[in-house]
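Student: Hi! Could you walk me through this model with me asking as we go?
Tutor: Happy to, let's have a look.

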Amino acid sequence: DVTEIEEKEAQAKQEEQIMKEQELSNLLHEKRYLKALGLAISLDRPHTVLTVVKAILREPEGRRHLDENIVRLRKDQKEAVLAFLVTWNTNSRNCHEAQAVLETLLRHEAPDTLLQFSGIKSAVESLLPYT
């Protein structure tokens with residue numbers, strides 16, 4: 001019978017999730033946005049990533065801080081943010097944040113690098129009608 005082992009594993013996963021949520025909350029409170037972005041991306045939480053982007057943009061010189069944080073993400077994290085911003089861009093409440101992140105990616109990534117992103121073709125096709 002492996003029920004008890006599975007229950008313990010599920011409980012451990014749930015506890016780990018709660019710990020990560022608390023860490024994310026603490027990072028946002030401490031304004032450690034790069035780590036908060038990385039953690040939200042690793043948790044696959046587009047809305048949380050959007051919340052972090054909005055928090056950055058509310059800061060004085062928010063656009064500059066957004067640029068600094070987005071540029072420092074790894075390639076896979078940038079790909080995830082690109083996928084998230086496609087969805088954000090379809091909603092008028094979030095389109096400004098999506099466009100700010102998109103602008104940062106377009107300004108700081110070489111076209112050849114952008115072409116290597118997974119899903120770039122579908123992302124561009126999805127962005128064009130709303131941009």
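**Helices and how they pack**

Tutor: Helix 1 and helix 2 cross in a left-handed way, meaning the near helix is turned anticlockwise from the far one by less than a right angle. Helices here are DSSP runs (H or I, at least four residues), numbered from the N terminus. This is a predicted model, where local features need pLDDT of at least 70 and side-chain atom pairs count only at pLDDT 80 or more, while totals for chains, interfaces and linings use all residues. Residues are numbered from 1 along each chain as its sequence is written, and side-chain values use heavy atoms, with hydrogens and water left out.

Student: At what angle do the axes of helix 1 and helix 2 cross?
Tutor: Roughly 150 degrees, and the axes of helix 1 (residues 3–29) and helix 2 (residues 33–42) come within 8 Å. That makes helix 1 roughly antiparallel to helix 2 (over 145 degrees).

Student: Which residues make the contact?
Tutor: Helix 1 brings Lys20, Glu23, Leu24, Leu27 and Leu28, and helix 2 brings Tyr33, Lys35, Ala36, Leu39 and Ala40; contact means heavy atoms within 4.5 Å.

Student: New topic: how far apart are the axes of helix 3 and helix 5?
Tutor: They are 10 Å apart, and helix 3 (residues 46–58) packs on helix 5 (residues 75–89) at about 85 degrees. That makes helix 3 roughly perpendicular to helix 5 (65 to 115 degrees).

Student: And which residues meet there?
Tutor: Pro46, Val49, Leu50 and Val53 of helix 3 meet Val81, Phe84 and Trp88 of helix 5.

Definitions and conventions. Axes fitted to C-alpha atoms, helices over the stretch in contact; angles between N-to-C directions. Helix = DSSP H or I, 4+ residues; strand = E, 2+ residues; numbered from the N terminus. Parallel < 35°, antiparallel > 145°, perpendicular 65-115°, else oblique.
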